[in-house]
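Colleague: I would like to learn how to read a model with two chains. Could we go through it feature by feature?

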Amino acid sequence: MKKDLIWIDLGLISYEDAFVIQEQLHEKCVTKTCPDTLLFQENYPVITLGRGTHEQNLLMTPAELLDQGIALTAVSRGGDISYHGNGQFIVSPILHFDQYVKGAHQYVRCLEQVVINLLAHYQLKGKRIKGRSGVWVVEPETGEEKKVSALGIAVSHGVTLHGISINVNPNLEHFKAIIPCGIADKGVTSMEACGCPPINLPDLRDQFILAFDEMFGSNTTKRTIDEIVSHKR
Amino acid sequence: MKYEIAIPEFAEGAEEINLRQWLVAVGDTVKKGDNIAEAATDKISIYIESPADGVLSAILAQEDDRVLVGQIIGEIEG
């Protein structure tokens, strides 16, 4: 039997505002006053410092970041340093992951597979690299393997937080402020840089939902945030 | 009664798990289900819950220690 999920799209929103909503949804999901949820968002430029951040992976001072219009914030997910910004699609599944897969490790691998399947829809060949999380592609222009999708999750009270990001057409110059995920020998790319024609984020979202439902055996339907939580922006 | 705090089985499969931090100290009163410690793999932060109401009576793994699934990292006296 398929599991019923809901999806909510916050659109373009600051990381901080979105995280307040994510925490509210998480609390409701833990207490089972809200169904398991896929939360979509696109953030204004921000560098997030995961629980495993190494300071040397931040290459600019806060003042230099400010000059470029990039915010800086510490976050509760696993992983090292990461960048989010316009043109990057972010999915935070807030769900009782053990009802879908066996273990958090398998959950991460399944999320990566959803992205690989999604990329295939856009004629891009995504892959994993052993020992490194996320999804990678060979960038046609350089012939180099680069990361197109990064992930970092947290599990609290059996329910997940944070999730996975996909670079659709972000400003790749902004990634020069960091060593993304602490990986110095490989770069970051985007779907557009790999030759995809312009992609509409809502279309990508809908394709993601199809790929997610197929992988996790779920049936995900739309809700608005106002139907679920009270929030201030 | 003594209750053991273990690294949860759902972390199985991770190549390496580290005890990131204790969120409470020995002697602190906790409730069943409270997040009392955080462990992490390279991409997953795992919040570990108290198994019972009581007092954290022992810490058996230190912050930054490498830990295994099922390993007892502390005790609650309830």
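Modeller: Start where the chains meet. I153(A) has I44(B), a residue of β5(B), as its bridge partner. Bear in mind that this is a predicted model.

Colleague: Which strands pair there, and in what sense?

Modeller: β9(A) pairs with strand β5 of chain B, residues 44-49, in the parallel sense, and the pairing runs over three bridges.

Colleague: How many residues does each chain bring to the contact?

Modeller: In general, interface size is often quoted as the accessible area lost when the parts come together. Here I can give residue counts: chain A contributes 20 residues and chain B contributes 17 residues. On the chain A side, α3 and β9 (145-156) each supply at least two residues. The most comes from β9(A), with six residues. By type, the chain A side has six nonpolar, eleven polar and three charged residues.

Colleague: Next, the core. Which residues touch the most other members of the largest nonpolar core?

Modeller: The general idea is that nonpolar side chains tend to be buried together in soluble globular proteins. In this model the largest nonpolar core has 84 residues, and A104(A), V115(A), A39(B) and I46(B) touch the most other members. Helix α3 of chain A, residues 104-121, provides the largest share, nine residues.

Colleague: What does V115(A) touch, leaving out residues up to four places away in sequence?

Modeller: With those left out, V115(A) touches G126(A), V135(A), S149(A), I164(A) and I166(A).

Colleague: How do I read the overall build of chain A?

Modeller: Chain A has five helices and twelve strands. Its radius of gyration is 17 Å, close to the 17 Å that the globule rule gives for 233 residues, so chain A is as compact as a globular protein of that length. The C-alpha trace of chain A spans about 45 × 40 × 30 Å along its principal axes. As for burial, 45% of the 233 residues of chain A count as buried. Among the contacts in chain A with a separation of 6 or more, 75% are between residues 24 or more positions apart.

Colleague: Where does UniProt place a domain in chain B?

Modeller: An unreviewed UniProt entry places the feature "domain: Lipoyl-binding" at residues 2-77 of chain B. In the model, that span is 0% helix and 51% strand, and its end C-alpha atoms lie 5 Å apart.

Colleague: Take one residue as practice. Is I72(B) buried, exposed or partly exposed?

Modeller: The test counts other C-beta atoms within 10 Å: 20 or more means buried, 12 or fewer means exposed. I72(B) has 13, so I72(B) is partly exposed. I72(B) lies in strand β8 of chain B, residues 72-77. Not counting residues up to four places away in sequence, I72(B) touches E4(B), I5(B), A6(B) and L60(B). G27(B) is 45 residues from I72(B) in sequence, and their C-alpha atoms are 18 Å apart in space.

Notes
Residues numbered from 1 in each chain as written. Chains lettered and ligands numbered in written order. Predicted model: local features only at pLDDT ≥ 70, side-chain atom pairs only at ≥ 80, totals over all residues. Core = buried A, V, L, I, M, F, W, Y, C linked by C-beta atoms within 7 Å. Helix = DSSP H or I, 4+ residues; strand = E, 2+ residues; numbered from the N terminus. Contact = placed C-beta atoms within 7 Å. Nonpolar A, V, L, I, M, F, W, Y, C, P; charged D, E, K, R; others polar. Pairing = 2+ DSSP bridges. UniProt positions renumbered as here; feature names shortened; annotations may be inferred. Rg over C-alpha atoms; globule rule 2.2 N^0.38 Å.
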